[in-house]
Amino acid sequence: MISDVLWALIGIQMAMGLFDTVVHHELTERLAWRPSQAKELRLHAIRNWFYALLFGVLGWFEPTGLFAIAVMLLLGIELIITLIDFVEEDLSRSLPASERVTHTLLALNYGAILVLLLPVLLDWAALPSGLAGAYHGIWTWLCTGAVLGTLLFGLRDMAAAIRAPGLVPVDPEELIPRARQSETILVTGATGFIGRRLVEVLVANGFQVIALVRQRSADLPLPITLVTDLDQIPATTRIDAIVNLAGEPIANGLWTKAKRGRIVESRRDITRAVVQLIKRLDQRPEVLVSGSAIGWYGLRGDEELNEGSGADASFSHELCAMWEAEALQARDLGPRVVLLRIGLVLGVEGGLLSRMLTPFEFGLGGKIGDGSQWMSWITRDDLVRLICHAIVCKKVSGKLNATAPVAVTNAEFTTALGRALGRPTVLSIPTRPLRLLGGDMAKELLLGGQRVGPLAALATGFSFEHPDIETAMAALFSKEEAGARKDQRKPGTTAKLRSNFG
């Protein structure tokens, strides 16, 4: 008979497994949306199904004879799958420290379970074969919940592994033409969601890249030069362009006084450091593309906005105005300065969209309130192309909205995302709790919005690969779109960009 101590250890294993799945696999690493993790997802799916069978048997039955031996085989196979999974994880991704600690605790606890459970199974194995019904009170119902959870996540992980080929991003060599000569670009914020893709595209197309990172061990494509401080760059270094994207994330926590301070100081300090670098370089760069955001315009309701529009007071506006003012100091030193006002950047690897995928995939997604707030968005690859356009096109200067031509309401965005995932979007998130709990962060980022158009980008000859939300969602989630990308590019788009590079 299974003792209370053994049941307690099984319950702890369930709790830690749930924590690892939700916090690490879903919220932190977002494994289901990383094509590189298809093999790991298959291992997770198979292991979850084994767990579902084990929890079901132990929760509702007492297996004897051959059935007990079968349970021991299942335990052994699960152990082998876990070991293979450990190896695959080490080969394919860098695990955060908390996930490594959780895996260690899971392994230790599983070992304790085996020590206590095997004698019970051996005793049952000596009995005639049978599968007698049993009821263990609360443990039976916890096992039932674990069965449902592991079955669900197993199905989801296998489906994610199957769809992984359709999530493979566009070959970085296809986004922009190759460098004509040895051109060097400095990128700050190079390990972020946008910066990482920009660096990948630049390196793949023959540009020399200097990346400002926090640690020299940063995982970025080679060949690349890493610096942890701009003072490490000699004055004799030739830098043709600077792309300044660094700054404390604004959407990963409440805007407390300390958080606001970090948001402001990070952008101010790094931008000042960039200007100081430009000042001391023997040969100054031709252009500085400095990050900003459409939050500069404030909360403007349904008003259609472009680079010539004014602004309303808000924290976002004050932040962006300060950031842009610091960047404009470089204009007196010679470089052309582009103020890149970035909208909601779409990509499955990061940003706001990646946080929405898990609830939407499980059918729990929906609009916020009545869904009337505007969302001005751009796909990450279009943003990377626009940054390169800003670097090479001398007509681009000053304010540049980085948004697709067709903004959508939150309700329209929700419908498009649900359709792309094949999931219902009938739920609605009430606004009152968001206002109470999220404060200004929720008011400006979730409940407010701007209807912004890319007037300057279009006027200088830039064309969007994904001008509307339907084509964007197809590019992000459609296997057919992924297959088509291998055969051809959309007519006119790449040719237009190539002409900008001369």
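Which residues does glutamate 62 touch, not counting residues up to four places away in sequence? In this predicted model, glutamate 62 touches Trp124, Gly130, Leu131, Ala132 and Ala134. Glutamate 62 itself sits in strand E1, residues 61-64, and is partly exposed.

| Residue | Relative accessible area | Class |
|---|---|---|
| Glutamate 62 | 27% | partly exposed |
| Arginine 30 | 17% | buried |
| Cysteine 320 | 2% | buried |
| Cysteine 143 | 1% | buried |

Arginine 30 deserves a look at its backbone too. This residue is found in the loop between helix H1 (4-28) and helix H2 (38-60). Most residues other than glycine have a negative phi. Arginine 30, though not a glycine, has a positive phi of about 50°. Arginine 30 counts as buried because its relative accessibility is 17%, under the 20% limit.

As for the cysteines, a disulfide is a covalent bond between the sulfur atoms of two cysteines. With a cut-off of 2.5 Å between sulfur atoms, the count of disulfides comes to zero.

Now to the open space. The second largest pocket holds about 730 Å³. It is lined by 36 residues, and those closest to its centre are Gln13, Gly17, Thr21, Asn48 and Tyr51. At least two lining residues come from each of H1, H2, helix H3 (66-92), helix H4 (97-125) and helix H5 (138-163). H1 gives the most, with nine residues. Sorted by class, the lining has 17 nonpolar, 13 polar and six charged residues.

Turning to the packing, the largest nonpolar core has 45 residues, and Leu198, Leu202, Leu340 and Leu383 have the most contacts inside it. Elements that give two or more residues to this core include the helices H7 (193-204) and H11 (380-392), along with strands such as E3 (184-188), E9 (336-342) and E14 (398-402). Apart from this core lies another, of 29 residues, among them Val57, Leu74, Ile113 and Val120.

Which residues does leucine 383 touch, again not counting residues up to four places away in sequence? Leucine 383 touches Ile194, Leu340, Ile342, Val345, Ile378 and Ala402.

Note on methods
Residues are numbered from 1 along each chain as its sequence is written. This is a predicted model: local features need pLDDT of at least 70, side-chain atom pairs count only at pLDDT 80 or more; totals for chains, interfaces and linings use all residues. Side-chain values use heavy atoms; hydrogens and water are left out. Helices (H or I, at least four residues) and strands (E, at least two) are DSSP runs, numbered from the N terminus. Buried means under 20% relative accessible area, exposed over 50%, partly exposed in between (1.4 Å probe, protein chains only). On a 1 Å grid over the protein atoms alone, a cavity is a set of points where a 1.4 Å probe fits but cannot get out, and a pocket is an open set with protein on both sides within 12 Å along at least five of seven lines; lining residues have an atom within 4 Å of a point. Grid points are joined across faces, edges and corners, and a volume is the space filled by probe spheres set on the points. Ala, Val, Leu, Ile, Met, Phe, Trp, Tyr, Cys and Pro count as nonpolar, Asp, Glu, Lys and Arg as charged, and the others, Gly among them, as polar. A nonpolar core is a set of buried Ala, Val, Leu, Ile, Met, Phe, Trp, Tyr and Cys residues joined through side-chain atoms within 4.5 Å. Contact means heavy atoms within 4.5 Å.
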